[in-house]
Amino acid sequence: VYGLYNLSGECVFPTIFTAMKYIEANRLRVAWNISYAVSWERGSFVPGERNYVSSSQFDENSRSALCDSNGNVLNSEDFVYVGKNNGRYALAFGGIEKCDSKYVDFSAKLTQAGVIDIDGNTIIPPGYDKIRLYDEHDFVLLEKDSIFGIADLNTKSIRMFNDVDMKHVRDVDAYGKAIYTNNGVREWNEEDEREYWTGDEGVLSLNGIVVPAGQYQRITLLENGLIKVSNDGLFGLLDSFGKELLPLKYSYISSFIGNYASICLGGYDKVKGGDDYYSYRYSVHVGGKWGIIDNNGHFFKECVSEERLELPEFVDEKVDRVDSSEIECPHILLSDQKPP
């Protein structure tokens, strides 16, 4: 077990902790077990029934807190366990329940999830079954009683989709959007040995449904906030709010590199390789007329080239975060039909 003394020899944290970790200046995460210390304060503690607790053991008596270097607990008493910090935020839990487990050292599960910030302030109160934090942005995915939701940690806004049937929701992107399915099932892919969700896809945001499920056969959230959609092998482009930028008539739209992406009209995928045991199969897009679009969906170069064009030199520019409160849903798309 661990404790902490200051340079004057004064005990700040009593020697009871199974883990102590500095997060940043004047911030520590400490963990202990109430079977060893029922309660504690600066320099002292109330002993429990046992004299030793393994640092690897996690059970219903485990506890954790966010503290400053003076021995003060910063998080609300509503949380009995604070998880690892991702830089600005940490998952925190209002309960710990004993459960059956095949792992000897882990006989409990954390319940009533919430979120705190680096100062211990409650951003999302306890009460959720699952919360998914992301290192790249401040949106989170919530789940409670099989109902999904999205929250913005900056504004503390929470939207639970109680009126939408969802079977699965993918990761939330940096613009506060996520792809969901309302009739999907998990299917195992033998080729790459992974599970996938199938079914009608849609896009939701903190403010509602951006794209209704079933509108398109395939949806991809692009890194610049735009939405690539397709039906019957033809692709189009929507903006971050679900408004159509490019109709469903293009055979290929690449990912964006910087501010630009390649686009093709009238081409097709051709499978190459795989002729012998040592080569692998892959596809390339050939034929058609090639062009370049910018990150607003405007044509930088029209689709007139016989060959794929080289994109302008990449300049790493920080993409401004879209304020999800500006989204008004639902949106009427200009067209969702492929051209004749």
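Is Glu-10 buried, partly exposed or exposed? Glu-10 is partly exposed, with a relative accessible area of 39%; buried means under 20% relative accessible area, exposed over 50%, and partly exposed in between (1.4 Å probe, protein chains only). The model is predicted: local features need pLDDT of at least 70, side-chain atom pairs count only at pLDDT 80 or more, and totals for chains, interfaces and linings use all residues. Residues are numbered from 1 along each chain as its sequence is written, and side-chain values use heavy atoms, leaving out hydrogens and water.

Glu-10 forms a salt bridge with Arg-42, with the closest N and O atoms 3.1 Å apart. A salt bridge here is a side-chain nitrogen of Lys or Arg within 4 Å of a carboxyl oxygen of Asp or Glu. Arg-42 is also partly exposed, at 35%. A search of the whole structure finds 7 salt bridges.

Another of these pairs joins Arg-27 to Asp-119, the closest N and O atoms being 2.8 Å apart. Arg-27 counts as buried at 13% relative accessibility, whereas Asp-119 is partly exposed at 38%.

The largest nonpolar core has 17 residues, and Val-140 and Leu-153 are among those with the most contacts inside it. Such a core is a set of buried Ala, Val, Leu, Ile, Met, Phe, Trp, Tyr and Cys residues joined through side-chain atoms within 4.5 Å. A second, separate core of 14 residues includes Leu-141 and Ile-209.
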